[in-house]
Amino acid sequence: MKAIQTAEQQALLMILIATAALSLKGILAKFVYAAGTDVTVLLLLRFGLAVPLFWLWYGYSRGKAKPAGESVAAMPKMRQVKQLMIASALFFSATYADFQALVLIDAGLSRLILFTFPVFVVLINAGLNRAIPGGLQILALLLAYAGLVTVMFQGGAGTSLESNVNQAEGISWAMVAAMSYAVYLVYSQRVMKYMSSALFSAASGSFILLLMIVFYLFQGSPDLSYSAEGVMWSALIAVLCTVLPFLLMHEAIRLASAERASRVALAGPAMTLLFAWLWLGEVLLPLQLIGCVITVAAIAWLEKLRVVTGVPAR
């Protein structure tokens with residue numbers, strides 16, 4: 001029992017550190033865009049720099065004892081590759097949608113919407129387990145969306161039609177990112193039953209980079225122009241907001257669960273709002289602040305409900 005508690009405490013610490021690192025991504029992306037680097041080039045630079053670091057870490061950790069319960073040989077190699085490709089496609093979708101949202105809306109609002117992904121994790125697990133969420137859980141979900149609607153409504157007040165259209169598009173991209181990331185978390189936990197978190201990070205990161213290259217080439221006339229400043233900020237995103245949180249979050253999911261990780265990660269919006277206030281001068285309007293508090297508090301409430309789903313709430 002003590003060993004289980006220790007593993008859970010380690011997982012929670014990993015999630016908090018990973019969340020803090022991920023919270024900086026939206027802030028640093030704004031500096032990348034200001035340096036004249038577009039979304040696609042940023043994604044290529046991010047994973048082009050991160051993938052070699054993933055493999056270096058995997059090589060370093062490979063000689064260590066395998067975690068209890070890990071069974072790489074229990075699944076055929078081709079099936080592992082197929083599952084890695086599916087997981088990579090899900091993360092690529094979430095990442096691309098996330099960075100598109102950051103082009104159109106503020107980092108704070110984008111993070112708030114993205115961090116509704118625990119709602120989708122709960123719903124996905126309930127569907128997989130054929131278990132209807134309890135009354136209190138449904139209430140928490142409704143409150144989370146009420147807060148989100150409040151944020152959207154206040155954000156659109158007193159702005160031009162063009163601004164409203166841009167914000168609506170940005171919010172839509174952020175919602176796609178949240179849903180894609182939720183599916184990715186649930187699916188990746190299943191994949192990591194058969195491989196280490198280090199191998200999963202390195203292999204899936206490689207597939208994600210390959211998808212980005214293919215996507216980039218299919219855009220027609222690719223433009224690889226970027227500045228030294230853009231590369232510097234992209235390198236920070238690669239190391240601080242990709243490699244570090246990837247390794248920590250994947251290991252935490254293996255030790256705990258995707259659902260638990262998603263709930264603890266709710267510290268993210270508050271962290272991003274603080275960073276955006278300090279470095280970007282972004283300020284949420286009064287109703288947006290109220291909506292933020294409602295959304296974060298409602299989803300955090302799910303942590304205490306301990307609803308039985310496909311992924312155990314530990």
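Me: What should I know about the numbering and the model before I start?
Reply: Residues are numbered from 1 along each chain as its sequence is written. The model is predicted, with local features needing pLDDT of at least 70 and side-chain atom pairs pLDDT 80 or more, while totals for chains, interfaces and linings use all residues, and side-chain values use heavy atoms, without hydrogens and water.

Me: How many cavities of 30 Å³ or more are there?
Reply: A cavity is a set of points on a 1 Å grid over the protein atoms alone where a 1.4 Å probe fits but cannot get out. Here the count is one cavity of 30 Å³ or more. The largest cavity holds about 250 Å³, a volume being the space filled by probe spheres set on the points, which are joined across faces, edges and corners.

Me: Which residues of the lining lie nearest the centre of the largest cavity?
Reply: Lining residues have an atom within 4 Å of a point. There are 19 of them, with Leu22, Lys25, Phe91, Leu114 and Tyr181 nearest the centre.

Me: How many salt bridges does a search of the whole structure find?
Reply: A salt bridge is a side-chain nitrogen of Lys or Arg within 4 Å of a carboxyl oxygen of Asp or Glu. The search finds one: Lys25 meets Asp98 at 2.7 Å, N to O.

Me: Are Lys25 and Asp98 buried or exposed?
Reply: Buried means under 20% relative accessible area, exposed over 50% and partly exposed in between (1.4 Å probe, protein chains only). Lys25 is buried at 7%, and Asp98 is buried at 2%.

Definitions and conventions: On a 1 Å grid over the protein atoms alone, a cavity is a set of points where a 1.4 Å probe fits but cannot get out, and a pocket is an open set with protein on both sides within 12 Å along at least five of seven lines; lining residues have an atom within 4 Å of a point.
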